[in-house]
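Good morning, and thank you for joining.

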Amino acid sequence: MYLAHLMNIAIVKYNAGNVRSVTYALQRLGIEPCISDDAEVLHAADKVIFPGVGEASTAMAYLKQRGLDKLIPALQQPVLGVCLGLQLMCRHSEENNTPCLGIFDVDVKRFPPKDKVPHMGWNRVEKMQGPLFEGLSQEAYLYYVHSYYAEESRYTIASTEYILPYSASLHKDNFYALQAHPEKSGKDGEKILENFLKL
Amino acid sequence: MLTKRIIPCLDIKDGKTVKGVNFVELRDAGDPVELAKLYAEQGADELVFLDITATVEKRKTLVELVSRVAAELNIPFTVGGGISSKEDVSALLAAGADKISINSSAVKNPDLINELALEFGSQCVVVAIDTRNIDGKDIVHTHGGRTPTNLETRAWAREVVARGAGEILLTSMDHDGTKAGFANKLTAELSAELAVPIIASGGAGTMPHFKDVFTTGKADAALAASIFHFKEIGIPDLKGYLKEEGIAMRLNNVK
């Protein structure tokens, strides 16, 4: 049994829209996270969650102002990027031509206008690999809201298809990222968060 | 494959859930937070909370209720009713709402749509359009469907999308409360033309009505209230039926 309530979980504080929702989701799992942009606090945490809803260039500007653009890629503990968090962990985003953190050597592109954009709603997660997805059924659905996507790459540990197949999840060393919103994805989302806490 | 969404709507008055037949005769249907959790467990894909008296009585939607819902609910939800400023939206999003819905205030001040989209992103801006057919023309109505405007529904829908709406909640006042089916023709026209998801609302009475609104009506999501509140149709039964009928549905991940 893992003792969730003894874990020190930090959520990166920045101008992202879903910090509150991620906090609530962790509280439902029995965790009281700390929300901080302080280097010492983030370094000391057992796990770090890097959330995100918003626009890439504004978010990157905010991260740079506070030195978080240097701090986040240097973290050693497990880090989970969520939604815009995933995109910011990539090399570059087409959203206002924004250079990002470069943790994943992957480009983020806008969906071609062949269907409604943003991709909004529940979609299948496929080709799931690794501990983040342990215990999920092969027909797992997660909740998505996004207009940009990370291309499939060697870091891809799950895929989703909307207009084209893209990275639903990325992994490299201690860095994990999820394009969907686990905090809003029912039991499957809770399971992924729980799996991350157990890493 | 992106699934079609089933969205129960909880009409709220004084912190309680109500449902009006054509928005006039109100009946109590329980505590919003408990009902919301129940729907999430049953497989609702999303929820909408509408403070239906807010616009008429100029009340602000209770931020407190939104906070309570956000703490308990593990699926997305939208809040609407009486929202008329960036400050209202900021407070509701900060309390944990995923999206906000504006209706009369968008008609009164269309620039509000642009402002909200710019400040918070289109993904959280739903524009609700209440439409009623008058002499063969689809006309936008405000104030719970009571007040006709001079706006034609299709033109207004195009305008709200151009201004940054991320989603349209289309309620046909001609169908609402009738249980005779959704406004499939109008819904299909808007869905085919516009690049944002369309939530169809008004008229749900049977399970085939939902099939029709997703196939003929090309809706991305279907919203209903009383048939769920009074247990005339169960969400698991409905989603099972729709999947059997070939509609993309999220069936597991509910318990």
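Thr156(A) has Leu170(A), in strand 12 of chain A, as its bridge partner. Strand 11 and strand 12 (residues 164-172) of chain A pair in the antiparallel sense over six bridges; pairing requires at least two DSSP bridges between two strands. Strands here are DSSP runs of E, at least two residues, and helices are runs of H or I, at least four, numbered from the N terminus.

This is a predicted model, in which local features need pLDDT of at least 70 and side-chain atom pairs pLDDT 80 or more, while totals for chains, interfaces and linings use all residues. Residues are numbered from 1 along each chain as written, chains are lettered from A and ligands numbered from 1 in the order written, and side-chain values use heavy atoms, without hydrogens and water.

I turn now to the cores. A nonpolar core joins buried Ala, Val, Leu, Ile, Met, Phe, Trp, Tyr and Cys residues through side-chain atoms within 4.5 Å, buried meaning under 20% relative accessible area with a 1.4 Å probe, protein chains only. The largest has 73 residues, of which Leu47(B), Phe77(B), Ile168(B), Phe210(B) and Phe228(B) touch the most other members. Helix 1 (residues 32-42) of chain B gives the most to this core, with five residues. A second, separate core of 36 residues includes Phe111(A), Leu132(A), Phe133(A) and Phe196(A).

Methods: Buried < 20%, exposed > 50% of the residue type's maximum accessible area, 1.4 Å probe, protein only.
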